[in-house]
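Let's take a friendly walk through a helix pair and a sheet. Have the viewer open and follow along.

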Amino acid sequence: MRLTVHDLARAGTLDAPDADGAAGGSACGDQVRIQLRFAPDASFESVRFGVLGCTAASAAAAWLAERCEGATLLEAARLSLDACVAAREIPAERHACAAVALDALAAALADALVAMPVVPRGARIAVAMSGGVDSAVALHRVLARGDDAVGITLRLWIDPDAPDAARACCSPEAVRRARATCHALGVPHLTLDARDGFRETVVQPFLDDYQAGRTPNPCTTCNGDFRIALLAQTADRLGAARLATGHYARLVRHDDGALVARGADHAKDQSAMLARVPPALLGRLEFPLADAHKHDVRDEAASAGLAAATAAESQDVCFLGGGDLRGFLDRHGVDLRPGEIRGGDDELLGHHEGAVAFTVGQRRGLGVAAPEPLYVRSVDAAAGIVRITPIAGLARREVELVDARLHRPVSHVRARLRIHMADVGATVEATPDGLRLELDEPVFAVAPGQVAVLYDEDGAVVGSGTISR
Amino acid sequence: VRVYCDHAATTPLCDEAWHAMEPFLRERFGNPSEPHAEGRTARAGLDAARARVAEALGTGDEYVVFTGGGSEADNLAVLGRLAGERGRVVSTALEHPAVAGAARAAAGELALAPVRADGIVDVDELERLVQPGDRLCAVIWASNLTGAIQPVREIAELCAERGVPLHLDAVQAAAWLPLRLDELPGELTVAIAAHKLHGPKGAGALAGRGVRSLARVLHGGGQEHGLRPGTESVAQASGLAAALARRVADSELAGRSAALRDDFERRLEDALPDLQFAGDRIARLPGHSLALIDGIRGDALCALLDDAGFAVAAGAACHSAEQEPSAALSAMGIGRARALGALRCTFGELNGAADGDGLASAISTLVPALRTAGAAVGA
């Protein structure tokens with residue numbers, strides 16, 4: 001490992017840094033800080049590093065500081081762990097220590113992004129990188145076209161108490177994998193700490209919905225109200241007119257704007273997750289996996305040698321971190337409301353440990369013995385009462401939507417009333433509060449809080465709304 | 001120009017050891033177990049080496065077992081004593097991993113005697129812990145970290161009184177102290193290594209009356225009383241013997257090294273008044289100095305000193321991502337942050353009179369700069 005006396009010239013802090021990033025302090029106790037100051041030409045004229053750590057962390061911090069001096073933000077965002085450990089002869093068992101320094105630089109560059117003058121929009125494309133295989137292949141496809149790409153990872157959530165924190169999509173490992181994937185392809189990578197906004201915009205409403213007895217779709221909320229907009233904003237700062245993500249969804253472009261549509265892989269289709277993305281943003285989006293099937297994506301990642309090829313599949317709700325819903329809600333202050341299970345005639349059938357974790361249509365976990373299968377018909381979170389019914393009692397022909405949007409004037413749609421459910425034909429009618437759907441056939445599990453996604457006959461999302469009743 | 005202040009890690013081969021080894025690497029190549037002329041000339045070399053080592057250690061020829069180094073000798077002493085039975089072992093937190101690891105792996109019960117703040121084992125507590133029937137008491141003669149010399153005579157006496165065999169790891173001590181095994185009572189074994197005293201690497205010995213009651217750990221031929229099967233390396237044994245004899249005959253090195261070390265410590269204390277040295281200032285190996293420096297990590301300071309031309313060692317090992325100070329420093333009551341700032345400088349034959357000065361001045365220049373880096377993370 002090479003750490004030199006000369007390196008100490010950049011040790012310390014800057015008087016008035018434009019950007020400041022720190023990382024570390026956990027398992028091994030190594031801590032690294034990197035500070036940056038811009039020159040008028042938007043390169044870094046001064047760089048300082050701080051470190052209290054082993055030789056590997058110190059050497060990596062010193063190397064990054066040395067290489068950042070005179071570099072632009074995007075040049076600095078290309079500095080890779082591989083190059084760092086090679087330059088400083090850091091052995092494999094100490095790469096984790098060096099990675100702490102890369103984390104600190106990533107934090108400093110995210111800070112610098114805010115301080116940097118906005119780059120005029122050009123041909124550059126920003127690619128949202130989660131650390132998973134889908135976004136890695138999306139990036140690979142964008143590069144294969146010869147585009148000038150920059151990778152962006154949003155750190156949305158860290159829950160060290162989750163049963164399987166590493167499986168959550170924003171674990172430090174996932175962020176590092178996203179970075180490594182970009183760097184291996186020569187692409188600059190930026191990591192934004194979006195945890196506060198995510199908590200406020202996605203997690204808190206998720207908790208509030210459950211507390212109120214509703215069953216929310218946090219992924220739809222995240223993409224629609226938070227993530228895509230933040231990525232687009234970041235792309236703007238970097239001069240990237242376009243933004244690509246690894247979703248399995250298509251875009252159909254009409255004269256009156258673009259619409260999200262089902263991806264070619266119907267089993268993986270993620271169009272519903274994107275149903276609430278504002279139409280104004282859709283025009284800038286690209287989905288390189290629109291025509292892909294999951295197995296092709298895995299093969300492509302493996303043959304291209306992408307770091308994310310073997311990453312564990314992230315979950316529907318990334319921030320649950322492999323844990324059960326009830327445990328998550330409990331850990332985050334939701335009053336679970338234990339109480340009674342009652343039948344159709346209000347007869348007491350049993351007790352449960354928390355009304356809020358039940359979903360309308362749910363069959364498992366009721367703990368009630370009966371000759372025919374029983375399902376949750378309604379959740380009264382305030383009273384702690386879960387009402388159950390045989391399947392016939394669930395049938396619904398009418399659904400009310402609030403917070404509804406229609407992107408096209410339509411009278412009949414294919415409605416998907418929950419994520420993993422076949423869609424159903426429905427006639428759409430406006431109401432004072434939103435929309436009413438008259439279903440062509442009865443549907444058995446309509447859960448308040450879920451987003452109803454409305455497709456036209458070609459699979460394009462023409463509207464959506466939150467099921468109120 | 002390099003300045004080498006890591007004698008406790010290893011030392012280069014001296015001329016005497018090289019000249020003693022060389023004939024056995026080529027012309028006197030025979031297998032000592034063979035009765036023919038080639039074998040006999042090799043056997044004669046091995047016998048001579050054994051006699052030299054026995055004399056230097058104050059023990060009988062029949063009580064010297066050559067091994068492939070200090071760690072092997074330590075393992076043999078512990079594993080050969082337990083002989084596959086999971087008996088009780090009493091030891092200290094100061095032990096080298098060769099002893100500590102073997103004891104953890106093989107003992108049925110392991111009791112560790114506490115260590116005082118000066119790096120010396122609490123003998124009263126050790127005396128309380130050692131019970132008749134214990135399979136082994138294992139104590140390092142002098143700490144590889146602080147150089148603190150343990151009261152081995154008292155320990156040998158208390159073990160002998162209880163009939164408990166004693167193993168002393170003298171890998172560091174042998175380079176500096178006269179080891180008169182005949183003056184210590186009881187069923188005793190002592191491990192030494194050649195390369196700490198300018199002998200060859202891969203050469204060591206387990207010596208003392210206690211070797212004859214050890215069970216074999218390795219299987220093979222009957223070499224070295226069956227305790228170290230395999231064709232003997234006469235060259236390694238001869239190198240060890242020559243280096244040890246040379247060291248025993250050198251009456252000036254200890255004084256010279258201690259003067260150098262003390263001068264180094266004085267200068268460093270002047271430059272960095274908040275610095276501390278670990279281990280007893282008197283009962284300490286002459287070349288050893290363990291500095292505890294706040295606000296830095298010892299291994300990063302080592303790397304910088306290396307760049308500046310000085311070879312020294314970090315006092316706390318950092319294994320992969322988990323940086324943990326040594327058990328020895330923890331046992332001395334030294335906190336984690338301070339232990340991670342430990343720097344071990346060990347002086348010896350390779351040092352000139354100005355080296356202590358030079359090293360002290362390099363450290364006192366680098367530490368403030370490294371502290372600036374540490375302060376920048378708000379530590």
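This is a predicted model: local features need pLDDT of at least 70, side-chain atom pairs count only at pLDDT 80 or more; totals for chains, interfaces and linings use all residues.

## A helix pair in chain B

In chain B, helix H1 (residues 15-25) packs against helix H7 (residues 234-249) at an angle of about 160°, and their axes lie 8 Å apart. H1(B) and H7(B) are therefore roughly antiparallel to each other. Their crossing is right-handed.

Which residues make the contact? From H1(B) come Glu16(B), Ala17(B), Ala20(B), Met21(B), Phe24(B) and Leu25(B). H7(B) contributes Val234(B), Ala235(B), Gln236(B), Ser238(B), Gly239(B), Ala242(B), Ala243(B) and Arg246(B).

## A four-stranded sheet in chain A

Now turn to chain A, where four strands form an open sheet in the order E12-E11-E14-E13, with mixed pairing. Strands E12 (348-352) and E13 (374-380) of chain A stand at the edges; each has a single partner strand, so one side of each is left without a neighbour in the sheet. On average, neighbouring strands of this sheet are turned by 30° against each other, direction ignored.

## The pairing of E13 and E14

How many bridges join E13(A) to strand E14 of chain A? There are six, and E13(A) and E14(A) (residues 385-390) run antiparallel.

Definitions and conventions:
Residues are numbered from 1 along each chain as its sequence is written. Chains are lettered from A and ligands numbered from 1 in the order in which they are written. Side-chain values use heavy atoms; hydrogens and water are left out. Axes are lines fitted to C-alpha atoms, for helices over the stretch in contact, and angles run from 0 to 180 degrees between N-to-C directions. Helices (H or I, at least four residues) and strands (E, at least two) are DSSP runs, numbered from the N terminus. Angles under 35 degrees count as roughly parallel, over 145 as roughly antiparallel, 65 to 115 as roughly perpendicular and the rest as oblique. A crossing is left-handed if the near helix is turned anticlockwise from the far one by less than a right angle, and right-handed if clockwise. Contact means heavy atoms within 4.5 Å. Two strands pair if DSSP finds at least two bridges between them.
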